[in-house]
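Please read the following explanation with the sequence and the structure side by side. It moves through the chain one topic at a time.

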Amino acid sequence: PKQDTGQFTCIATNFTTGFSQTSRTATVDVHWLGQSAEVLLHNPDLKEDIKSGDDVTIKCHVDGSGDLNIEWFRNDERVIKTEKVQPKGKRLHIKSASPMDNGVYRCKVTNEAGTIESFKNLAVNIPGEEWAWMREPPKDALVKKGGVARFDCLYQSADVLEWYFKETGPLENTTRIGILPNGSLVIYKVRASDQGMYSCVGIRGESTAVPQKYSAKLIIAYLGDVGPRVMEPEGSDDRIVAVGTEMQVTCIPPKSNPPATVVWSGPRPLNVDQGSLLIESVKQEDAGNYTCTIHNIADSKNMTFHLIIATPPLIKEGPMSISVEEGEPAVLKCIFSAIPPPITKVLWQRDKAYLRHDNRIIVNQNNGTLTIFNTHVTDKGEYTCVINTTSVKPVFSKPAVLHIKEKLKFSPRPVDKKLELGSVKKVYCKAQGATPPVIKWLKEGEPMLKFPEHVVDVNGTLHFNKVQSSDKGRYTCIATNSQGLINATIEIDVIVTPKFTVLPQNPTDAFEGYPVMFDCIAEGDPKPTIQWDKNTVMNDFDHKRFHVLENGSLMIKEAYLSDEGKYGCTAGNSGGLKRYEVSLIVRSVGGYRPDGSIEGLEGEGSMMTKTVCITLSAAAAYMVLVIGLMAWCRYRRRKRKQAYLEANPTSAMTEGTGHSLLGKVENGN
């Protein structure tokens with residue numbers, strides 16, 4: 001509401017320490033708008049004094065903050081500024097008024113808080129010979145849904161009276177609409193569609209002038225929904241107020257028309273001011289139910305809260321100092337008197353810090369008892385019981401001390417170890433108790449408290465100077481003090497971290513289509529396993545072409561160009577991991593295809609088929625060459641024989657001799 005306008009300061013107070021801190025001042029400016037507006041005659045003083053030709057001034061009476069935007073209407077038409085009619089803010093000036101200016105004047109007001117329309121309006125009625133004279137103009141009607149609305153309208157010298165709804169009319173009698181003999185309009189069982197402007201028109205029979213009309217508005221009353229925000233300050237159904245303090249609750253009506261009325265009721269006579277319930281000094285007898293009733297002609301709605309009067313709690317018996325064994329439960333009591341939970345809550349502090357509750361630390365809210373199960377050494381300290389009742393300062397008990405007798409235990413318990421052969425290592429065994437324990441190591445199968453020269457036991461820490469294979473075995477740590485004896489046995493294993501003995505050449509060159517071998521052999525104890533990766537992706541290989549041999553080497557049966565990349569050989573055992581990386585470069589071979597074929601040969605065939613084809617082709621070429629040489633030699637022999645005979649035509653020989661000579665020539669070529 002508008003009375004909240006002003007300057008505000010926030011003050012924060014710590015009830016525990018009593019310290020307060022004040023904020024800077026903040027200004028709240030509430031925008032508001034009055035619940036109603038009214039149109040009044042400003043000049044002249046009385047409507048009866050208005051005559052044709054007089055200047056008339058009317059005003060819109062309304063209250064609100066900031067700049068008010070005011071619109072003027074005559075009947076259902078907005079007034080437009082002219083030389084004759086001049087709206088100026090809250091006032092409307094009509095120069096030289098005439099019967100043509102007659103009608104019902106209303107105003108509409110808007111600012112940042114909202115919009116309202118005038119309910120009480122002004123009817124201007126200047127007599128004129130050509131028009132019926134209005135004696136009783138209709139007035140706006142505000143009715144609830146389902147109710148009855150009535151508009152009265154009385155003209156003098158009107159031969160006919162007609163009613164119009166918005167642009168519809170003239171209206172006639174129906175089951176819900178009735179026009180009475182005196183001209184009044186009655187609407188029964190009003191519904192939402194009936195809202196709007198109704199105009200009464202009086203017609204003078206012998207006049208040719210346009211009849212004048214006077215309008216009134218039918219408005220359906222309503223009352224908005226109520227909820228938690230209706231009450232300020234907001235709260236639950238239960239409101240807790242400390243005895244002797246002031247309580248003020250304001251009931252803020254929701255949007256409604258007509259404005260709703262607020263009525264408070266309670267167990268005692270109430271002090272109510274403009275919807276605010278005020279109790280200056282709360283007493284026990286003020287406890288009970290308080291109801292805010294919001295109503296208008298449309299509806300009636302209630303909001304109720306229960307007022308609980310809080311009184312300061314009282315601690316009857318505070319906690320006592322106790323001592324418990326570590327691991328045993330601790331119980332601290334706090335007997336108090338206060339309003340039952342959840343209004344009263346029991347809290348506990350350890351060394352002035354509030355405890356966090358869990359499955360191990362439990363607070364009984366009914367009797368205040370603190371139970372700590374399976375106590376830890378860190379639970380020791382000074383404990384305070386705090387009884388906190390809503391709206392009241394908390395009450396603190398006197399502190400009590402919780403002592404924890406620490407039990408003999410390992411911290412932490414020793415665990416199995418793996419020692420690198422030849423390394424310098426330490427194996428720790430630590431224990432604690434109510435008194436410092438004595439800690440010693442024993443090795444199974446060895447004399448009591450005796451170790452080789454390279455092993456020394458110093459206050460529970462075994463020092464190994466260059467670990468040997470014989471150091472492998474079971475070791476027992478023993479801790480003793482006045483509380484008793486505890487022991488823990490561990491297994492010490494001597495290992496050799498992986499070491500590469502054979503490594504592949506880096507980088508490794510390969511030819512497309514030919515096999516590739518990456519040699520990678522490692523030794524260690526236990527025997528290391530070898531894993532391969534390509535470009536840091538483990539085992540991402542085509543198993544048809546890639547094989548890891550028993551000794552760890554990687555073999556590629558047939559290299560592809562896509563196999564290029566970085567290959568990692570990782571050797572690992574319980575002692576650790578070692579990795580070596582090698583780059584593979586694959587060189588292209590002309591005509592090679594990944595399917596094993598050669599360009600230029602049709603069909604599919606193996607490498608054997610290729611070899612046979614090449615061999616047969618070479619043999620055929622050789623045979624052709626031999627046959628050609630033989631034919632050429634025979635041709636030359638015949639040519640030489642013919643030349644010899646032509647050169648010796650006179651030689652006479654016997655046939656036998658001639659044959660013998662020719663034979664010699666032929667044999668001698």
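Cys520 and Cys569 are both buried. What joins them is a disulfide, with the two sulfur atoms 1.9 Å apart. The torsion about the S-S bond of this pair is about -85°, so the disulfide is left-handed. Cys520 sits in the loop between strand S53 (516-518) and strand S54 (521-525), while Cys569 belongs to strand S59 (residues 565-573), so the bond ties together parts that are 49 residues apart in sequence. The model in which this is seen is a predicted one.

A disulfide is a covalent bond between the sulfur atoms of two cysteines. How many disulfides are there in this model? Counting pairs of cysteine sulfur atoms within 2.5 Å, the result is six disulfides. If the bonded cysteines of the protein are numbered in sequence order, the pairing reads 1-2, 3-4, 5-6, 7-8, 9-10, 11-12.

One of the disulfides links Cys60 to Cys107, with an S to S distance of 2.1 Å. Cys60 is in strand S6 (residues 56-61) and Cys107 is in strand S11 (residues 103-111), so this pair ties together parts that are 47 residues apart in sequence. The angle about the S-S bond is 60°, and the link of Cys60 and Cys107 is right-handed. Are these two cysteines buried or exposed? Both Cys60 and Cys107 are buried.

Another disulfide joins Cys334 to Cys385, with 2.1 Å from S to S. Its link is left-handed, with -85° about the S-S bond. Cys334 lies in the loop between S34 and strand S35 (335-337), and Cys385 lies in strand S40 (residues 381-389), so the pair ties together parts that are 51 residues apart in sequence. Cys334 and Cys385 are both buried.

S34 pairs with strand S39 (residues 370-372) in the antiparallel sense over three bridges. Within this pairing, Leu332 stands opposite Leu370 in S39.

Next come some details of the backbone. Between Ser411 and Pro412 the peptide bond is cis, with omega near -5°. Pro412 is in the loop between strand S43 (409-410) and strand S44 (417-420). Asp525 and Pro526 are also joined by a cis peptide bond, with omega about 0°. Pro526 lies in the loop between S54 and strand S55 (529-534).

Ser157 has a positive phi, near 70°, although this residue is not a glycine. Its loop runs between strand S17 (154-156) and strand S18 (160-165). Ser157 has a relative accessible area of 40%, so this residue counts as partly exposed. Thr536 also has a positive phi near 70° without being a glycine, and is found in the loop between S55 and strand S56 (537-538). The relative accessibility of Thr536 is 64%, so Thr536 counts as exposed.

Finally, consider the whole protein. The domain assignment gives domain 1 (56-124), domain 2 (133-223), domain 3 (231-310), domain 4 (314-403), domain 5 (409-495) and domain 6 (503-584). The C-alpha centres of domain 2 and domain 5 are 109 Å apart.

Note on methods: Residues are numbered from 1 along each chain as its sequence is written. This is a predicted model: local features need pLDDT of at least 70, side-chain atom pairs count only at pLDDT 80 or more; totals for chains, interfaces and linings use all residues. Side-chain values use heavy atoms; hydrogens and water are left out. Domain bounds come from an automatic or database domain assignment. Two strands pair if DSSP finds at least two bridges between them. Helices (H or I, at least four residues) and strands (E, at least two) are DSSP runs, numbered from the N terminus. Buried means under 20% relative accessible area, exposed over 50%, partly exposed in between (1.4 Å probe, protein chains only).
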